[in-house]
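User: Hi! Could you walk me through this chain, step by step?

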Amino acid sequence: MTIAEWFVFFLILQVIHFAGTWKLYKEAGYQPWHALVPIYNAIILMKIINRSSWWTILLFVPVVNLIMFPVIWVETIRSFGRNSTKDTVLVLLTLGFYIYYVNYTQKVTHITDRSLVSKTKAGDTISSLLFAIVVATIVHTYVMQPFTIPTSSLEKTLLIGDFLFVSKFHYGARTPMTTVALPMVHDSIPLTKQKSYMKWPQLPYFRFPGFQKIEREDIVVFNWPVDTVYQFFDESGRHIDKPLDKRSNYVKRCVGTPGDTIFIKDGILKVNGKELILPERAKPQFYYTATFKESPSNDFFSTYDISDVMFVFEIDRKLWENKDVQEYLKIKRKQKEAYLIEQQKDSATVTITGNIARDSEVYIKLNIKRKESIFNINLTEEKVNAIKKDGRVLSVKRFINPPTSVFPKTEKNWSADNYGPLYIPQQGKTVALNIATLPLYSRLISVYEHHDLKVSGNEIRIDGKVATSYTFGQNYYWMMGDNRHNSEDSRFWGFVPEDHIVGKPVFLWMSWDTNGKGLNKIRWERLFTTVGGEGQPYSYFKFFLIAIAAYFGITFFLNKRREKADN
């Protein structure tokens with residue numbers, strides 16, 4: 001909805017409110033027209049129902065107001081003596097329109113000194129619960145939100161099973177655009193897997209001022225720009241057009257800020273011509289092709305704590321070119337279980353890497369020959385240096401992806417390891433627009449900035465006008481994972497618009513290792529560590545335990561002292 005449409009919608013709501021409450025306002029000692037004046041009518045209504053004026057603010061906070069509206073409906077009829085369970089049920093089931101019945105057909109008297117204390121334990125519990133939900137929703141939406149790490153794209157910096165607190169206020173809290181949604185729930189209802197929101201109505205994008213800009217090397221949570229999946233881990237292939245703020249949450253490292261030019265050469269990332277040096281606690285990983293004197297035992301991999309290992313195979317070139325083989329390997333590449341390493345024209349074989357040996361029947365049928373002493377291993381630089389010194393290792397060479405399907409699809413010679421140069425759009429900056437540059441910015445123009453884009457031959461029209469240049473309406477960022485060969489990031493789907501930014505991870509309060517046993521399932525050294533900062537992560541867990549012990553100790557002492565005084 002546009003701002004004009006929202007203004008009309010807001011005025012309609014005022015008319016609906018006036019038509020159903022003007023008599024009640026009059027009965028409470030106010031003029032009927034008070035029920036018609038926007039915002040002022042809400043302030044007066046709070047006085048009528050004997051509630052604080054700050055409740056008015058909650059009525060205009062998206063999502064929170066969905067909780068407040070039913071409360072206000074019940075409070076309104078109770079302020080005029082309609083206290084029965086039947087009245088409460090009717091006003092809730094009719095979405096507040098039961099107030100029309102009370103307003104026009106019932107003789108009511110305003111209760112000026114109505115007690116706000118619930119007469120039943122159940123009512124008191126419900127009131128406390130609603131208050132807790134309102135506070136939690138405000139904190140969740142505008143201050144701090146918990147997240148979990150579901151994938152390995154930032155391994156070893158952030159691990160699968162890490163539980164984070166993500167700050168909404170560092171970069172400026174974004175108000176919800178999806179106005180009708182369950183509080184503290186993202187795109188689907190837990191357990192039921194049903195959609196947790198309605199697409200209409202949508203608020204325009206708005207972000208409160210932050211006290212920090214996104215800087216290069218920051219880890220950032222954002223809504224995945226190209227997300228159209230029905231649910232994050234749904235494998236049925238169903239798709240849905242999601243509202244911007246209900247798209248799946250991704251966490252990556254920002255490596256390109258507005259106005260930067262990025263370039264990747266043989267896996268080395270350069271920004272504005274200089275290699276990007278990540279902070280000390282970052283642990284970038286790449287696949288390396290390791291050649292051994294003989295096939296290593298599992299002891300070698302456990303010694304160096306290496307878990308991500310892929311075999312290397314050779315396939316006869318004639319067999320490689322077979323349509324069925326290509327279809328099979330296409331599926332494996334999609335599942336990230338097969339990667340092309342080498343395809344030299346004068347060679348009789350094609351070299352690939354992956355886990356395709358799991359399919360024994362296909363393995364035999366394709367006559368795939370495994371290179372017993374060669375493996376592709378996902379390693380940090382620290383581990384590369386360590387295994388190079390091992391006498392069982394002949395050589396370690398970084399694996400470089402050959403040209404593959406990356407963003408934009410028109411760049412056939414680009415790959416995840418040889419990419420660019422590419423300019424990151426900056427708000428207010430203008431670029432030349434032609435058939436060659438359009439693939440870079442077409443989605444940006446039509447989807448993210450909502451222009452009508454049409455192409456006829458070599459002619460480009462934006463909003464009906466011929467365009468040879470384009471000025472960006474907002475900032476964009478380039479996000480990549482530290483686990484460079486296991487990260488679905490900007491290299492594959494492009495820019496992250498500023499309005500998709502969710503927040504900044506600041507604190508890790510729990511880390512759960514599903515492969516651990518007993519108490520070792522908890523990664524104790526990661527509890528209560530900060531995400532950013534200089535040096536290696538430091539756990540503040542012991543200080544947390546000391547604070548908890550001190551709290552209970554002081555509480556126990558004060559209670560004993562109070563009991564002694566009473567006696």
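Analyst: Let's begin with a term: contact means heavy atoms within 4.5 Å. This is a predicted model, where local features need pLDDT of at least 70 and side-chain atom pairs count only at pLDDT 80 or more, while totals for chains, interfaces and linings use all residues. Residues are numbered from 1 along each chain as its sequence is written, and side-chain values use heavy atoms, with hydrogens and water left out.

User: Among contacts between residues at least 6 apart in sequence, what percentage join residues at least 24 apart?

Analyst: Here we take contacts in the chain between residues at least 6 apart in sequence. The share that joins residues at least 24 apart is 67%.

User: What percentage of the 567 residues count as buried?

Analyst: Buried means under 20% relative accessible area, exposed over 50%, and partly exposed in between, using a 1.4 Å probe and protein chains only. By that rule, the buried part of the chain is 43%.

User: How far apart are the end C-alpha atoms of helix α1?

Analyst: Helices are DSSP runs of H or I with at least four residues, strands are E runs of at least two, and both are numbered from the N terminus. The expected span is 1.5 Å times one less than the number of residues, so the 25 residues of α1 (residues 3-27) should span 36 Å. The end C-alpha atoms agree with this, being apart by 35 Å.

User: At which residue does α1 bend by about 55°?

Analyst: A bend is the angle between axes fitted to the seven residues ending at a residue and the seven starting there. In α1, the residue with this bend is also buried, and its name is Thr21.
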